[in-house]
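Please keep the sequence and the structure in view while reading.

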Amino acid sequence: MNPPCGRCNKPVYPTEKINCLDKYWHKGCFSCEVCKMALSMTTYKGFEKKPYCSMHYPKTSFTIVADTPENLRLKQQSMLNSQALYKEDFEKNKGKGFSVVADTPEMQRVKKTQDQISNIKYHEDFEKSRIRSDAPPPENRQDYEEQPSNPQRFSQPVGPTRPAAVAPPSGERRYQAVYSYAAAEADEVSLQEGDLLSDVEQIDEGWMFGCNQRTGQRGMLPANYVRPV
């Protein structure tokens with residue numbers, strides 16, 4: 001038995017049968033629902049098991065949700081949840097000090113000024129630490145502070161009790177005087193700030209033996225008045 005046509009409901013014979021959209025169609029009946037333009041298997045578009053051309057194919061539209069009591073309740077519940085999450089995040093980050101600041105030209109200028117101030121402060125601290133590193137060792141600082149004022153740049157700290165001058169074997173170590181020192185004994189070497197010393201050897205914790213290249217004198221000199229170069 002021949003099946004009926006999907007449009008005219010008349011029998012469809014095998015010679016003119018088109019099987020599409022779960023129905024059988026006459027070739028002349030397989031046309032657009034709106035403009036009746038003849039369609040083929042490559043030009044049709046199906047919607048709800050009906051053929052359409054590309055021009056009259058139904059467009060998908062958004063569904064409008066009615067403001068029913070249930071939908072209003074869900075909307076209010078969603079807003080309450082959002083507010084609770086916002087408050088929770090705010091409490092977590094309140095003590096961290098983070099805040100979003102717009103990168104305006106004024107904020108960029110303030111940031112640049114702060115960077116410059118930080119750079120100046122860093123150099124000041126560096127110079128202070130360098131001056132402190134050039135000061136006499138702690139064990140002699142008390143003697144240094146007890147000396148009367150002297151017109152020289154640095155007061156002369158009292159050196160520790162030293163052993164008798166004994167010339168050690170010649171070495172290649174070089175030192176430079178960081179403070180001026182006036183020899184108190186005949187076997188000591190006087191120093192001026194910046195003097196270069198050669199053949200320096202450690203005698204004990206407080207004294208060294210070396211040669212002042214400026215004067216050519218060889219003898220004992222206080223260890224806390226020189227530094228290696």
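Two rings of Phe, Tyr or Trp, with the six-membered ring used for Trp, count as a pair if their centres lie within 6.5 Å. Planes over 60 degrees apart make the pair edge-to-face. The model discussed here is predicted. A search of the whole structure gives six aromatic pairs.

One of these pairs is formed by Phe30 and Tyr44, whose ring centres are 5.6 Å apart; their planes meet at 65°, so the arrangement is edge-to-face. Both residues belong to the loop between strand S2 (23–26) and strand S3 (45–47), and because they are 14 residues apart in sequence, the pair ties together separate parts of that loop. Is Phe30 buried or exposed? Phe30 is buried, since its relative accessible area is 0%. Tyr44, at 24% relative accessibility, counts as partly exposed.

Another edge-to-face pair joins Tyr181 and Tyr225, with 5.2 Å from centre to centre and 65° between the planes. This pair links distant parts of the chain, 44 residues apart. Tyr181 lies in the loop between strand S5 (175–177) and strand S6 (196–202), while Tyr225 lies in the loop between strand S8 (218–222) and strand S9 (226–228). Each of the two tyrosines counts as buried: Tyr181 has a relative accessibility of 10%, and Tyr225 has one of 1%.

Phe30 and Tyr44 also take part in a cluster, in which ring pairs link them with Trp25. The charged end of Lys45 is placed over the ring of Tyr57, at 5.8 Å from the ring centre.

The nonpolar cores come next. Which residues have the most contacts inside the largest nonpolar core? They are Tyr175, Leu191, Leu197, Met208, Leu221 and Val226, in a core of 17 residues. At least two residues of this core come from each of S5, S6, strand S7 (207–212) and S8. S7 supplies the largest share, three residues.

Terms used:
Residues numbered from 1 in each chain as written. Predicted model: local features only at pLDDT ≥ 70, side-chain atom pairs only at ≥ 80, totals over all residues. Heavy atoms only, no water. Phe/Tyr/Trp six-rings, centres within 6.5 Å; stacked < 30°, edge-to-face > 60°. Helix = DSSP H or I, 4+ residues; strand = E, 2+ residues; numbered from the N terminus. Buried < 20%, exposed > 50% of the residue type's maximum accessible area, 1.4 Å probe, protein only. Lys NZ or Arg CZ within 6 Å of the ring centre and 35° of its normal. Core = buried A, V, L, I, M, F, W, Y, C linked by side-chain atoms within 4.5 Å.
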